[in-house]
Amino acid sequence: MSLTITELPHKEQALFRTALKLYEVKQFKKGLKTCDQILKKVANHGETLAVKGMFLAHLDRKKEAYEMIKRGIDISPASSISWHVYGIVCRFDENYAEAAKCYEEALKADSENATILRELAQLYTQLRQYQKAVEIRTRILKINPDTPQYWLGLAVAHQLTGRNDLALKVISTHEHIVLDESSPFKANNSNYRCDVSELLMYKNWVMELTGDYQMALDNLKEIRPRITDITAWKEQKAKLLLKLDRKEAAASAYQELIERNPDSNTYICGYLSCNGLDIGRAEDRDAVLEIVRGLQQQFPTSSALKFLPLTFCDGDDFVKEADKLAKYALRKGIPSLFTSMKTLYEDKTKGETLGRLVEGYASQLRDTKRFDDSSEDEPSSVSTWCTFYLAQHADYYGNHERALQLMETAIGASPDTVDLYMVKARILKHAGDVCGARDVMDFGRQKDLNDRFINTKTVKYMLHNNEVDEAEKNMVLFVRDDASHKIQEIVETQTIWYMRERGHAFRRLGDIGRALKHFHQVLDSFRTFHNDQYDFHTYSIRKFTARAYVDILEWEDRVFEHPMYVDSAVSAIECYVELYDRKAAGAPFEPIAVDEPKKPLTRNGTSKSGQHNLSAGVGETKPAAVDADPNGAAFVNAPSHLESALAFVEVLEKSVGLQAGTHVTAFEVHLRMKKYFLALKSINQLRAIEADHPALVPMVVRISAALDADASFAAPMKAALKAQLVKAFGEVPSIAATVADHDTLLPFALAGARGLVSLGGKERVAQAKQMAMQAAAERFGDSRTLENLVAARDLLARIGASESERLAFAAEARKVFPLATCF
């Protein structure tokens, strides 16, 4: 029979309570000793065993911790404390679904425990189980209806389920607790005015979401004296007036907002909407242009108003507006002019027009030192910025030789301008001269050693050139001096661009272990971003920042869509697939020995290992924690590389399932794991997104061949899969025929070659080699991008092309990219 805390002897009860207090103040070692004291007297006290397990978990003794907690639950299965502790440990390990189950069990024994209810509501929100969160928060409110964060939390939960009417009802019922100036809430709150303002603005937003815009507008006017966020109030007023079709009043409100911030596209577009105009409608463009020009006169310094007409004008109007913006930027010496204009280049006509316009400026300045509409000579710097723009224009269209010539002219005129070297380096990178790009960027860095931005660009270009150690030396220049371990500081500050680029560099160098190490650091950073929201489920409600909190939840729902996450996840998957393939081919990547733990390191110069800037020693007051696995041994030596890859595949399928590349990557893992139905699902998903994707036919051929070769797969299931393939594609298509049908598109040739290599066999590999060797052929035209030609080079290396064959390919590739050093 189990003992509860009340059945413990008096001394042990006091010790148990002391242990809980020690947990609250994070005195885990003392807490563990306290639990041991209790267990010496009462060895089978389930709750103490569970609490001891909690302390062990926080001391990184996870296996013992779970064993101890489960033993405690076996002894005290009806104890709310034991289940609560189990939930806390699961939550600590980010296993939120299991934690929620534990909290549910805890509530069975203690249904009125506000702490358990509150934490369970947080877990349900974390898991996006909003309806369950509503139910729990309703129970919390019944226990303590006068606590503001409880009823505000319920209102937000209702909003997240789409029941804005119920959210409004909850706020209206309980808001007097906060709004009453004589309430205890005001007396105990130094931030009272801001809290009231946030609550009232949130309530008004919920009113808007119910669809009763007039009620929301009336309320907005009523609450104005108590609002501290005036800009948000004015934005809400303008938006509501527009929704009520009170366009004249709305226009006045947006005019006032534009006066506050004339560079806000939201305000400008709102003002245009008040006039019944839409930039996207061709018939509105003349009227829109007239209004925008009027605003330009009122706000002559607004960059947004200068640029906006370029997005919808064409013909002479486009030339006129582009002329005004370009001359203004060139005279001001704004280096980012081309970057601002780059989006316009998606329209071929606009891109060519901009090039001709600036070419005309350059010609005028050469001949007369002034623009044709100017009566005064322009400073020589204007000509330099014209040349600078034209170099980037030429680079955009792939004319790298002319771009470099122009950059030399610009640098000759202004040799101390750092921006010129940065753009020259970028042009060299686009031309394939990675080493030259690195050198130019570093030369520019030397011009201003205090410029953090160009330092980081130099680091990035060094990593592109696989100079990992040299990149590290430059990277740590701007890490705080008192950091005990500078590289670890970079990881802890989540400098994800550096970790990703470092991972790619190690992968190119063939060090899969370290590559995986850094890709995982990026992925772990994003997982931290996602898990960090947990604390905001309570904090944001307590601080009354409900509007920002809902925005956080929406952002967190999209966090794994970030391009850096997707790139790192795909790269990690490809590394795991490579490890699996090498092992399957009988040439596995050598397991990495796990280093023995070393003594703490102290800051003392820069290492040559590329791992840290520390050396072993004594005398430092703050020893640094040493990375126990700097070489990525845990990833290389993982028991199942495909299972490791599958974890990332599942995240990608959930977050970026509408991207074609997701399903190409997923197919590679599912096929190797012989999960044929999932592989077929990837094919169908890819076909739905892009029916003529280059990888589609090779995927169909490969799954068909895998089914034929797998004698262990159940015949009825094999027949069902083949029937689905026949239904979707008819007879199994031919890779060679597909490549021939798209003989001017290099991506189809490369996808076909990869498919043939995966199928194996001397004849297929020889056919693949022939396809890759011809990647630089003229018939492929503009599809001969640097990225595609590098992919062809890597494919030739993978299939064992001879030295003479690779040299022949390199010679042909350099005809397309004559400056390239990567072939």
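**Aromatic pairs and confidence in a predicted model**

Me: Tyr23 and Phe28: buried or exposed?
Reply: Both are buried. Buried means under 20% relative accessible area, exposed means over 50%, and partly exposed lies in between (1.4 Å probe, protein chains only). This is a predicted model, where local features need pLDDT of at least 70 and side-chain atom pairs pLDDT 80 or more, while totals for chains, interfaces and linings use all residues. Numbering runs from 1 along each chain as its sequence is written, and side-chain values use heavy atoms, without hydrogens and water.

Me: How many aromatic pairs does a search of the whole structure find?
Reply: The search finds 25. Rings of Phe, Tyr and Trp (its six-membered ring) pair if their centres lie within 6.5 Å.

Me: Why is the pair of Tyr23 and Phe28 called tilted?
Reply: The ring centres are 5.9 Å apart and the planes stand at 50°. Planes under 30 degrees apart count as stacked, over 60 as edge-to-face, and the rest as tilted. So this pair is tilted.

Me: What makes Tyr345 and Tyr397 a tilted pair?
Reply: Their centres are 6.0 Å apart, with 45° between the planes. That pair links distant parts of the chain, 52 residues apart. Tyr345 sits in the loop between α21 (337-341) and α22 (348-368). Tyr397 sits in the loop between α23 (380-396) and α24 (400-413).

Me: Why does Tyr345 count as buried?
Reply: Its relative accessibility is 3%, so Tyr345 counts as buried.

Me: Why is Tyr397 called partly exposed?
Reply: Tyr397 has a relative accessible area of 37%, so it is partly exposed.

Me: Which residues form one aromatic cluster?
Reply: Phe338, Tyr345, Tyr389, Tyr396 and Tyr397 do.

Me: Where does pLDDT stay under 50?
Reply: Over residues 597-623. pLDDT is the predictor's confidence in each residue, from 0 to 100. The model has 64 contacts beyond four places in sequence for that stretch. Contact means heavy atoms within 4.5 Å. Where pLDDT is low, the predicted coordinates should not be read in detail.

Me: Which elements have the lowest and the highest mean pLDDT?
Reply: Strand β2 (residues 614-616) has the lowest, 32. Helix α37 (residues 660-672) has the highest, 98. Helices (H or I, at least four residues) and strands (E, at least two) are DSSP runs, numbered from the N terminus. The mean for the protein is 92, and 95% of its residues reach 70 or more.
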